[in-house]
Amino acid sequence: MRVLVIGSGAREHALLLALGRDPQVTGLIVAPGNAGTARVAEQHDVDITSGDAVVALAREVRADLVVIGPEVPLVLGVADAVRAAGIACFGPSKDAAQIEGSKAFAKEVMAAAGVRTAASEIIDNPANLDAALERFGPPAGDPAWVVKDDQLAAGKGVVVTADRDVARAHAAGLLESGHPVLLESFLDGPEVSLFCVVDGETVVPLLPAQDFKRVGEGDTGPNTGGMGAYAPLPWLSDDVYRQIVTQVAEPVAAEMVRRGSPFSGLLYVGLAITSKGPAVVEFNCRFGDPETQAVLALLESPLGQLLHAAATGTLADFIADSGELRWSDGAAVTVVLAAENYPGRPRVGDVVVGSEAEGVLHAGTARRDDGSVVSSGGRVLSVVGTGADLPAARAQVYEILRSIKLPGSHFRSDIGLVAAEGKISL
């Protein structure tokens, strides 16, 4: 099986490595890729937002399966074009991808499926903003305002703040740019990311993970695309894990089928485990970054066969034949090495020393003609450590990070720390 992976980040690098462990995968191709993915896969350039371009490349490289990593091509319908060309594609249709592309659509699906989530209100008129702010946030009893861009924002469209002026400024800026705003009530409790491979009403959950969105230590500073993650979650019981699957993922998958937009691909469920039980924060229509890097580091089941089964409508048969997914014992931790000034406009073009080390996945990198690797984006590398338990995995990942040099770079030193110290409880 020849697999074409679409994307250029650390998520795609992790997917390629996991796919390469599948004995039925005979060829790996990535487009457009980066300096790291070029070492493990045949690399091509492509406009990932063009269905015609992706189809043409898939035919050229004789791909048996196309795996679309980023959300933008999925929301634009690239997976539809690939399937229409008769090529198996792991990734939801344009209609189904609206579960990430529009938060208002996701709220409608959850309401119809009976899934717990935050109370919310869509604002599309600046004249209604101030009155709506009074219905959410501290005046309403919540500890903070939660203001979200209703559309795609690369993980940076959310502001959670106790400062009304900050909340209002973020909302006003979104409205001025033509984006509707979603105001939500605040959800208490630790957050969980759960990936589910979905084929219609068949849902196969992966290991739960926890993501760290804020740029600074102790979850301070602005939101980013993600600064690190760990898996599994030692504090999350099997009962709550199963509750998420049966009360959130499965009802949503069934509702999408009922609507005539069955989901086929990776459904990312982001939740808060509140005092009243799990409640959905958001859905994504693809593998999340950086959680993918930690989760796939522990996967022993053949990823190519799993994704191909979902893409061809045979996921239920695959699980019936092979049984539940197999995982390595222990834990994995991902820490993102970011460029100077990220999540603002990052400094780029600096040489990265140590980027070829074991456990290093590339994201914002490029290779010069002289062979050196340079930074080309905000999140430059994802470094993955594994170990017998969370403290051991943390020790390994930070040992690797100490060997990497990039001028002005920064990373969080507390990824998974609170959980490793046993300080998270439900």
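**Ground rules.** I am working with a predicted model, where local features need pLDDT of at least 70, side-chain atom pairs count only at pLDDT 80 or more, and totals for chains, interfaces and linings use all residues. Residues are numbered from 1 along each chain as its sequence is written, and side-chain values use heavy atoms, with hydrogens and water left out.

**Overall build.** I looked up the secondary structure and found 14 helices and 19 strands; these are DSSP runs numbered from the N terminus, helices being H or I with at least four residues and strands E with at least two. The C-alpha trace spans about 60 × 50 × 40 Å along its principal axes.

**Inside and contacts.** Of the 426 residues, 56% are buried, meaning under 20% relative accessible area with a 1.4 Å probe, protein chains only. Among contacts (heavy atoms within 4.5 Å) with a separation of 6 or more, 67% join residues 24 or more positions apart.

**Histidine 170.** Where does histidine 170 sit? I found histidine 170 in helix 8, which covers residues 164-176. Is histidine 170 buried or exposed? Its relative accessible area is 18%, so histidine 170 counts as buried. Leaving aside neighbours within four places in sequence, I noted that histidine 170 is in contact with Val147, Gly157, Val158 and Val159.

Key: Buried < 20%, exposed > 50% of the residue type's maximum accessible area, 1.4 Å probe, protein only.
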